[in-house]
Amino acid sequence: MMKKSQEAIGTATGQVGIKKKSRVPGVMITQYVETIPEGQNHPDFTRKPIALTIQEGKFAFFKAIVNGEPKPTVTWSRNNGDVSDPARYQTKYDPVTDEHTFEMVNVSPDQADTYKCFAVNEHGRAVVTVVLNVIEVGFNKNKAKPAAAPVENFSTVLKRKSKVRPKKEAVERKEGEIDPKFWELLLSANKKDYDRICAEFGITDFRWMLKKLNEMKKERKEEQAEFVKSISNLKPIEVAGDGTASLEIDLDLIEPSSRIFLYKDGQMVPYTKELGDKMKHTLNLTGKKYIFSIKDLMPDDAGLYQIDVEGVNVFSTEFKIPPIEFLVKIQEVTATERQDAVFEAVLSNPFSKILWFGKNQPLEMGDKYDIEVSEDKLIHRLVVKDCMVVDKGIYSAWAGIKSCNAWLLVEPDKDAKKGKPAERKTTRAGGSGANLAQIAQQQQEKLVKVREEITEIKAAKVKEAVEAAVTAAAEPPPVEAVPGFTDGRAGGEMLEQGITHSVTVETGIKSGLGDIYALRDKQTEFIVNTLTVCDGTWFKDGEQLTAKSRGYRISQDGLCHKLTVLKCGDDDTAMYSFVAGEHSTKGKLTVGDVPVFDPDDLHKFSRPVIIRVGQNAAFKMPYPPQDGLVVRWFKDGVELKDGAGSKIVKESNHSRLLLRDCLRSDTSGITIQLQNPFGAVEAKSNLIVLDRPGPPDGPVELVETTSSLIEIAWKPPTDDGGSAVTNYIIERQQAGQGLWAVQGDVSADKTAYRDRNVVHGKRYNYRIFAQNPQGQSDALETTDSIMAGVLILSGPPGAPTVVSASKTCITLTWTPPENDRGVPIIGYQLEKRKKDTHSWVVLNPLNEPIEALSYAVKDVTEGAEYEFRVAAINESGAGDPSPPSAMVCAKNPNMRPRFKDPEDFIVVRAGNSVRVKVNYEGEPPPEITWLRDNEKISPWVNVVNTEGTSTLVIPSSKRSDSAIYTIIAKNSVGDAMFDVEVRVTDQPKSPGPVAIEQTVQGRVLLSWSPSPDEELDDRLYYVVAEHESGTRVWKNIADRLFSHTYTAVNIQPGREYHFRVFAKNDMGLSDPSDSPTWGVNGDRVPLAPNGCGSMEVNFERPPSILVPLKVHCPPKGYQLYMTCAVRGCPAPSVAWFLDNVCINSDDHYYITNAFGVCSLYILRVGSQDGGEYKIVAENPLGHAQCTTKLVVKE
C-alpha cells in the first residue's frame, strides 16, 4: 500500500507539507506542521475570488475573505508578469467586512492573465487561482504595436471569423449581395425555420441556398472543432416571466479555460459572473449549460446575438421586439371554487401569440388553461378552468417586452354542501369589463387607415416617377451647335445634307396582368393599362389571339386594353400574355368551381347536436378532395382555432370539430366553411347544451294572505336549460327556524301556489325550484317573510313590581295581560328607562322572549335609578306595553357584615410568604381591621383590601409569625370577626439516637431522644418503621406518637430487625434515626434450658433452578416477559446474558428478582433482541444456569 507523500516544496527547514482539503472548491491548502495547537488552525478561504470578463478601460477587482489563527497574511501574484506597480495594482483590506481586495484601475489587455491569491500563517498556506479576461475595444486595430513585441505573438489578439460587423465597421453591400446576418441565423436555426428566414431576407432560390448552407456548415464545424467537443440544446432568446430575456446553449469545451464572448449586432457585449446583479448582461454556468441573460429590457436590446468561443461563432439568434402596447390590460379576477376565471387584454398591433405566466411559471394550452386569440389577433384571452384555492396568485401577460399582471383570488364555495365536493360552475368570472370587440374594431380601423395612407404615399411616388418618365420621353432632345455655324442657316443647310433629329417615345405598361380564378361557364376579362396610346397583342399559351378567335373578345379604349373570355371552360385555363412593343405582361387564368357538399351529408350535418353540460360535442363534415381547399369552423360567427377547448382535425376528404367540456353558454350555431380560389360554401348546424334550468324569474309576488291561506306567484325561468320545465317544487320555512320542508309541486303551466297549512299570525319564507329532465335549478326565495293573516297584538300586561334590588341586579315580576285577543302568548319583552331620560331600551329581542313572569335585570349601573315596562309577545309580535314600574335604585340593601367560607387554619413553610385571603359582604361597605393575638399587627405585615376581599400578606415568614390572626369587619349595621390560625413551620429535624431493650420474649422497647423542634411545634409527633430479614421491606408499625418510647411486638427469634424513628409535622417527615441491629447475633434474653438435647440445623445450599426459562417467538414490536425461579442459601446473585454479553446494566431491559422469581421484561421487541438468553445464579457454595432462545418474527 502506497503511503501519501508529503510536499517538500515551499516549506522551510523542519516543516512538512501536508495537503488538506478545503470546504471551498478550488482552494489548495498546505499544512506546515503535523499537529496544530488547540484553538489555532491553518489558513483557508471563506470566500474565494471569482473569474471576471471585463471591457478594456474599466475598473477590475477581485475580492477574497480568509480565516485562520494566527491571522494569515494575504498576497497576490500573476503567472505572466509582476504586480508590484502601485499605479496599476492596488491591494486593500477592509477590517469591517474582513475583505481583501485586489484592484486594477483602467484595466488593459496585457493584464489578462491567471492570478493567484496566497493566505499564509505559521501553520500553513492556502492558494486559489482566478482568471481575468479583458475585452479589447475595436480589437485595437488602430493601436500602435510595441516595437519589442515579436510578430508571432500578434496571434493572441482576437480575430472574429464572423462577417457580421458593427455598424461603424460594416462595409456597404453591393446590389444583390446577401446580408451576412442571413447565413449566421441559418447556421443556428432549425430546419422548420428556414422558410421564415428566407422569406424575411427575400431569398427564393432554395436549392442554391441549401447547397451553400451545407458548405458553410461543414466549414463552420471544422472551425469549431478546434475549441469545442460538442454543441447541443440551442435555445433561441426568449422573454421570461420575471422580465428578463435569456438564450441557452450546451457547450462541451476542449479547454475549460477557453474565452467566451457575447456579441450584439457584431459589437462585443461586456458581461460578468460576479457582478450579475449590477450589469445588464450576465452569464450563469450550470455544468455544461451556458445561460446568457439580459435584464431591464428596452427596445434597443433587439438585434442579432452571437456567442463566440475564441473568435469562432457557435450560436446566433435574433431578438425581435415588436412595437406593441397594451390598450386594455388584464384586471384582477375574483372567482369562486369550480368556476372559470378569464383574463383579457387588447393589443395595439396584431400579435399571433403572447406569453402567459402564472405565479412566474409559463402557461400552455391544456386541460387546465385555454389560450384564445381573436381573428384580428388583437384580443388575447386566458381562461383558468375549474379554479381551486391553489390557483390563487399573480398572472401576467407578455407581448414583446411589454407586460401587465393582475391577481387571481379564489373564494370557497359557500353554497357547497358539507362533506361533498362543490359542483363545476357553468359561469365565468373576470374579464376586462370593457367592450373589447369595439376597442379592437376601432384599433383595426386605425391600422387600416395608416396602411392606406402609406399605400397612397407610395402610389403618389410611383405616379410622379411615371409622369416624369413620360415627360422626358415626349420632349425632343436639345440640338447641339455645329462648329463653324453661328446663325440660323445652320439648321437649313444641315437638313439639305440629310441630317435630321427624330423623337422616339418608348411604350410602357402602367398596370399589368395578374392571376385570375374564374368560375366555370362565367365571363371574365383581363385588363392592361399602358402609359401611352399604342397597339398591343394578346397571346394564350404563346399563341396569338385575334378578334376572330372563338370565345374571346378583344377591345381597346385609349390606354386600356381588354381581353374578355365570354364563357370560361376547362380549355380556357392557360397562361395569357399581352405584348406592347418591347414590354409585356402575363397572367394565368384558372377555371374551376366553388366547393360543394353532398346533399345527404349536408342534411345529416344540419341536424342539431344535443349534449349535456360537461360532455364533449363532435361535428363531422365530409367533402370532395380538392387542391387549395381551406376549411374553417365558426361558432356564432367567430372562427374557432385549434385549442382553447376545441380540437379541429382536417383531412383530405373530411373535417372534424370536437368541443370539450361544454357549458350551457356554448349553445350556439356551428358553421363549417369550405373556401377555394373560386369561392366559398357554408354548412350550418346547431349545438344545444342541456343543463338544469335557471332559477324562476322573480321576485316572488304575494297574491293573497289570510289566517288560513297564503298564495304566492312567480315567473318562468329565463333559461330553461335547453329542455322544457316539467314542474316547480315549493319549500317553506317558518321564520326564525332553520328547517326547510317541501310543501308540494305544481306543473310547468302553473306559476302560482296556495299554501293552506298555515297558522294565523306566523311568518313564513318560501323558495321555488324549477325542474327539467336535467335536474333542479337554484332557488328563488322570498325577500321578506310572509305572515298568515293580519297582525293581532296582545293587550298590556300588569305593571312590573320590584322583588329585590342590588347594585348588580334588579328582580322584577308582573302579571299576564287580561285580554290576549285570542292569540296565545309565547313570551314577554322587557324594556328599561333610566331616570331623567326619554328613551326606552329593549332588554331582550323578539326572537328571545321571556317565558316566565319574572326576570332578573343585570344590565344596571350602581346608584342609578330605573323604571321598567313589559309587553306580551305572540305570533304577530310585541303588543301594547304595560304601565311603567316604580322608580328603583340599583344598590345593595343595608346588611350586617359577614364572611363567606373563610379558612380557619393555614400552614406555611418558613421562608415562604403568608397570604390570608378572606371574602366578606356587607352594606354599606364595612371597615376592615386585622389583629395578631388580639394585638395590632406588625408594620411589615401588609393588608390589601379590595371590594369584598381583604388579604393579609407576610412577605417572608418566620416561625415566630405563627399566631392567631383576627379579621374584624364593621359598618353602621353591625360588625363581625373571624380567627385564622397561621402556623409557620419547617421540615422537622431528626429525633435523637434510638436504643433497644428486650423486656420479655417477643417484645422489645424502643426509646429515643426528642427532636429539637418539639418545643417549637406542638403539632409534631413520631412515626416508627420496622424492617426484618424475612420480608426485607420497611413498614410503619406506629404513627402519631407523642411520647419518646414504643414497644415493638411479635419479635421472632432467628431474624434480624432494624427500626427507624421519624419526626413528622405539617411539612412532612424528618430524616430517620436508625436503631442498632436486633436479631440473630444481637442481645437477647437467655432462654432457660428445658433439659432436652439440641441439634444444629444448617440451611445453607448451592443455587438451583426451580422453574427453567421457556423458548419465546414474539412478533416484532410486541412486549415480552421472560421468567424463571431460583433458590439457594445464602440468596444467590443473579445475572442475565444475551449471546454471552451481560445485560444487567442495559436500560433496554427491565430486570427484577422477587424472592427468587427472576423476570426480564422488554417493552417492544426488535430484531436486535433475538438470540440466546442465559441466566446465572451464584453464591459462595456454587452456581446454576439456564438458557433459552428468543426468535423475533418480522
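Student: In which strand is Arg732 found?
Tutor: Arg732 is found in strand 48, which covers residues 727-734. Please keep in mind that this is a predicted model.

Student: Is Arg732 buried or exposed?
Tutor: Arg732 has a relative accessible area of 14%. The limit for buried is under 20%, so Arg732 counts as buried.

Student: What lies 2.4 Å from a polar atom of its side chain?
Tutor: The backbone oxygen of Asn757 lies at that distance from the side chain of Arg732. Asn757 is also among the residues that Arg732 touches beyond four places in sequence, including Leu739, Trp740, Asp755 and Tyr764.

Student: Where is Pro696 placed?
Tutor: Pro696 is in the loop between strand 45 and strand 46, the latter being residues 697-705. Its relative accessible area is 4%, and Pro696 is buried.

Student: Which residues does Pro696 touch?
Tutor: Leaving out residues up to four places away in sequence, Pro696 touches Trp714, Lys715, Pro716, Pro717, Tyr728, Ile768, Phe769, Ala770, Ser777, Asp778 and Leu780.

Student: Let us turn to the chain as a whole. How many helices and strands does it have?
Tutor: The chain has six helices and 87 strands. Buried residues make up 40% of its 1194 residues. Among contacts with a separation of 6 or more, 63% are between residues 24 or more positions apart.

Student: And what is the accessible surface of the chain?
Tutor: The accessible surface comes to about 69300 Å², and carbon and sulfur atoms account for 50% of that.

Student: How many residues does the largest nonpolar core have?
Tutor: The largest nonpolar core has 29 residues, and Phe292, Ile307 and Phe319 have the most contacts inside it. Several strands give two or more residues to this core, among them strand 11 (228-239), strand 16 (289-294) and strand 18 (312-319). Strand 12 gives the most, with five residues.

Student: What is Phe319 in contact with, leaving aside neighbours within four places in sequence?
Tutor: Its contacts include Ile237, Val239, Ala245, Leu297, Tyr305 and Ile401. There is also a second, separate core of 26 residues, which includes Ala341, Phe351, Val384 and Leu408.

Student: Why is helix 1 described as largely enclosed?
Tutor: Seven of the nine residues of helix 1 (residues 180-188) are buried, so the helix is largely enclosed by the rest of the structure. The buried residues are Phe182, Trp183, Glu184, Leu185, Leu186, Leu187 and Ser188. Their cover includes helix 2 (194-201), helix 3 (206-224), strand 11, strand 17 and strand 18.

Student: How many aromatic pairs does the structure hold?
Tutor: The structure holds 22 aromatic pairs. In one of them, the rings of Tyr517 and Phe678 have centres 5.6 Å apart and planes at 80°, so that pair is edge-to-face. Tyr517 lies in strand 30 (residues 516-519) and Phe678 in the loop between strand 44 and strand 45, so the pair ties together parts that are 161 residues apart in sequence.

Student: What of the accessibility of Tyr517?
Tutor: Tyr517 is partly exposed, at 46% relative accessibility, whereas Phe678 is buried, at 17%.

Student: What is the geometry of the rings of Phe526 and Tyr576?
Tutor: Their centres are 5.1 Å apart and their planes are at 35°, so this pair is tilted. Both Phe526 and Tyr576 are buried.

Student: Which peptide bond is cis, with omega near 5°?
Tutor: The bond from Glu69 to Pro70 is cis, with that omega. Pro70 is in the loop between strand 5 (60-69) and strand 6 (73-78). A cis peptide bond also joins Glu923 and Pro924, where omega is about -5°.

Student: Lastly, what is the phi of Asp636?
Tutor: Phi of Asp636 is near 55°, which is positive although the residue is not a glycine. Asp636 is exposed, with a relative accessible area of 54%. Asn1050 has a positive phi of about 60°, and Asn1050 is exposed at 60% relative accessible area.

Note on methods. Residues are numbered from 1 along each chain as its sequence is written. This is a predicted model: local features need pLDDT of at least 70, side-chain atom pairs count only at pLDDT 80 or more; totals for chains, interfaces and linings use all residues. Side-chain values use heavy atoms; hydrogens and water are left out. Rings of Phe, Tyr and Trp (its six-membered ring) pair if their centres lie within 6.5 Å; planes under 30 degrees apart count as stacked, over 60 as edge-to-face and the rest as tilted. Helices (H or I, at least four residues) and strands (E, at least two) are DSSP runs, numbered from the N terminus. Buried means under 20% relative accessible area, exposed over 50%, partly exposed in between (1.4 Å probe, protein chains only). Contact means heavy atoms within 4.5 Å. Accessible areas come from the Shrake-Rupley method with a 1.4 Å probe; for residues, only the protein chains shown count as cover. A nonpolar core is a set of buried Ala, Val, Leu, Ile, Met, Phe, Trp, Tyr and Cys residues joined through side-chain atoms within 4.5 Å. A polar contact is a pair of N or O atoms within 3.5 Å; within protein, one must be able to donate a hydrogen and the other to accept it, and residues adjacent in sequence count only if both atoms are side-chain atoms.
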